[in-house]
Amino acid sequence: MTTRASRQWSRRRFLSGAMATSAFATISTGAGMPREAEARDLDELQRGTQDLPAAVQDRIGARLRLMRVALAQEPADLVITDGTMLDTITGELLPGWGVAIAGERIAAVGDVARHIGPKTTRISARGLTLVPGFVDAHYHCESSRLSARRHAEVTLPQGLTAYFEGTHEITNAARGLPGVEYFVQAGRRLPQKIYPCVSSATPPSPVETTSGHIGYREVALAFERWPEEARGIDEVMDLPRVLDGSARLHGVIQATLDDRRVVAGHGSPPLDVLDGWIAAGVMSSHSARIAEAITMLRKGVHLQLKTERSGDMIRQFLELPLRDWRNVGLAVDDRTAADLLDRGGMDYEIRSAIALGIPPITAYQMGTINNAAHWQVAHLHGVLAPGRYADIVIVSDFDKVVVDRVFANGRLVAANGQLTGPLDASPIHPALRNTVRLSRELRGSDFEIPAPPNRSEVRAYVLPLRQGHEHRLFLLGARVRRRRHRLDGPSRPP
Ligand SMILES: [Zn+2]
Ligand SMILES: [Zn+2]
């Protein structure tokens, strides 16, 4: 339903114009509308929208067609039958429930035989389970070192049909909103939905001057430009600046709250300041520690678990027992392309959550509806129900999360781990090129490590290439080649 053309249109610009018209006044009083509308048939109603922008007419037309298919007045484009459907709202596995699809959306679920016409494509899921496309609540595509398209080639066959991209890395490299725009444009060309969250950490600290500035105005501008994709801001991670009332950071949070969007957080504030952190507007964390996790959950924070670090926390929740997992989701956060290929992405997280003892249906909810609900997109993602995107994963082994086929926007996009066709690349904004800027050329001496006097050997900490989100310092022995000035003691590993 959401065509590329329809996204050109600005809801806000239209509403600000409509405010002055009598049409808006009529709607706002509510007088006469429902009865008049009742009297018209659907085609007439559609003709009555001709004064609306073309993109709005397109969207109304697509929605009315979806409704007709849902009512079995028109045949579906595609139906998937004979399988078992996971209902992520009720937590039930429903044998015999199928899905009927019109265009990009789900028209109906349940017994979908009446939606089959002569031209409807039929797919049998006999012996298989239908689950919603996976939704990652906190992710950095950049950590894969792949472009958005190449990354989609790896992760779509794993069932990842939507992710919330924390843009603070690309945004600092691109000096601001071009980093967000890259992911908006990429997502519009891909069947994988990308929701770039505006960076809350540009610049990452007040002493950094090369990475641009995102404050209240820039965040508000991003929401104005990309209202569908930019659903909030990414990980608020600077706890001291939350608590000391930093003007830039609180401007970013205010712009998000003013627009009724989501303020994602990072970290695990000590319990004595936790209420302040939450009251300041922060709504989630993907890096809670076990000492604070259950209290954070009790106080309304949405937790996104990374399973390889959350074993003890999951055991704590299971022993409690935590009766309502709605506010617990899963996140990959950072993963290299090699690691994605070896282990998997969100499919791996759901599989690991099950292996750690979480009931399988709950684990699927954590990788779908729980994340979608946190980001206020449960009307689009996370559940197989009418009106949602037809993003469907068919699994052959439910508990082991073995992905058989992946549908996105109502089309088969991957089968047996392979894409079914090429994906569209997005143009690279000039601000994303040549982002390493040096004030002068580097010399060999810039990399010399000065040794203490009268030593032929030293031990030095070395920061290797980053793997995932780990910063590990390695202590290496090294021979002193040339004596330099004295070095103060090496810093401790973090
Ligand atoms: Zn983080
Ligand atoms: Zn992150």
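Guide: Start with strand β7 (residues 129–132): Thr 129 and Val 131 point one way and Leu 130 and Pro 132 the other way, and all are buried. Buried here stands for 20 or more other C-beta atoms within 10 Å of the residue's own, exposed for 12 or fewer, and partly exposed for anything in between, with C-beta atoms placed from the backbone. Strands are DSSP runs of E with at least two residues, helices are runs of H or I with at least four residues, and both are numbered from the N terminus.

This is a predicted model, in which local features need pLDDT of at least 70 and side-chain atom pairs count only at pLDDT 80 or more, while totals for chains, interfaces and linings use all residues. Residues are numbered from 1 along each chain as its sequence is written, and chains are lettered from A and ligands numbered from 1 in the order in which they are written.

β7 pairs with strand β2 (residues 84–87) in the parallel sense, over two bridges; two strands count as paired if DSSP finds at least two bridges between them. Opposite Leu 130 of β7 stands Met 85. β7 is also joined to strand β16 (residues 392–397), by four bridges and in antiparallel fashion. There, Leu 130 stands opposite Ile 394.

β8 runs parallel to strand β9 (residues 160–166), and four bridges join them. Val 135 has Ala 162 in β9 as its bridge partner. Contact is taken as C-beta atoms, placed from the backbone, within 7 Å.

Helix α6 (residues 148–155) has Ala 148, His 151, Ala 152 and Thr 155 buried. These residues cover an arc of only 105 degrees around the axis, so they lie on the same side of α6. The arc is that of the directions from the helix axis to the C-beta atoms. An α-helix has 3.6 residues a turn, so residues three or four places apart point the same way. The cover over the buried residues of α6 includes β9, α8, β10 and α15 (337–343).

Now the backbone details. Thr 202 and Pro 203 are joined by a cis peptide bond with omega about 5 degrees, and Pro 203 lies in the loop between β10 and α9 (216–225). Another cis peptide bond joins Leu 320 and Pro 321, with omega about -15 degrees; Pro 321 sits in the loop between α14 (311–319) and β15 (328–330).

Ala 72, although not a glycine, has a positive phi of about 60 degrees. This residue lies in the loop between α5 (54–70) and β1 (78–81) and is partly exposed, with 17 other C-beta atoms within 10 Å. Asn 409 also has a positive phi, near 55 degrees. Asn 409 is in the loop between β17 (402–408) and β18 (411–415) and counts as buried, with 20 C-beta neighbours inside 10 Å.

Key. Two residues are in contact if their C-beta atoms, placed from the backbone, lie within 7 Å.
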